Amino acid sequence: MSDAQVHDFQKRVRDINRQHRKLSRGYVQLVERDGLLVPKRSLRVRRAFPVRGLLLTLIGFMLFKGFVFMQAGAINYNDRVAKLAEGNTAEQVGAWVLQADPITRWIADTIASYI
């Protein structure tokens, strides 16, 4: 074979290998009008850390904490958190997380104004 044919062949092999690497990361089979199955690369965007899920969980927790603060009342809520702080290490961490901060009070006041 001549050099041009060898060069053409090697280029086709490189193109096939590149396409294979792209499809090895995930693909879907699409059916053409004539019934031919054609693999297409599936595009999945993956984040390293689920920021949106963490943020929604934090917002939900703060809303729940504000609702409990409103329902229990400030004095009763703080008494319960103080009792929790007297427990073991896990309970002390829970008491620290559940302490009434300004955001919790604001959420409780906002919820109470709508009820």
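How far apart should the ends of helix H2 be at 1.5 Å a residue, and how far apart are its end C-alpha atoms? The 22 residues of H2 (residues 51-72) should span 32 Å, and the end C-alpha atoms lie 31 Å apart, which agrees. The expected span is 1.5 Å times one less than the number of residues; helices are DSSP runs of H or I with at least four residues, numbered from the N terminus.

The model is predicted, with local features needing pLDDT of at least 70 and side-chain atom pairs pLDDT 80 or more, while totals for chains, interfaces and linings use all residues. Residues are numbered from 1 along each chain as its sequence is written, and side-chain values use heavy atoms, without hydrogens and water.

Met 62, Lys 65, Gly 66, Phe 69 and Met 70 are the buried residues of H2 (under 20% relative accessible area with a 1.4 Å probe, protein chains only; exposed is over 50%). Seen down the axis, they fall within an arc of 135°, so they line one face of the helix; the arc is taken from the directions from the axis to the C-beta atoms. On the other side, Arg 52, Leu 56, Thr 57, Phe 64 and Gln 71 are exposed. Helices H3 (74-85), H4 (89-98) and H5 (102-114) are among what covers the buried residues. Just after H2, Gly 73 has a positive phi of about 90°.

Terms used: Helices (H or I, at least four residues) and strands (E, at least two) are DSSP runs, numbered from the N terminus. Contact means heavy atoms within 4.5 Å.
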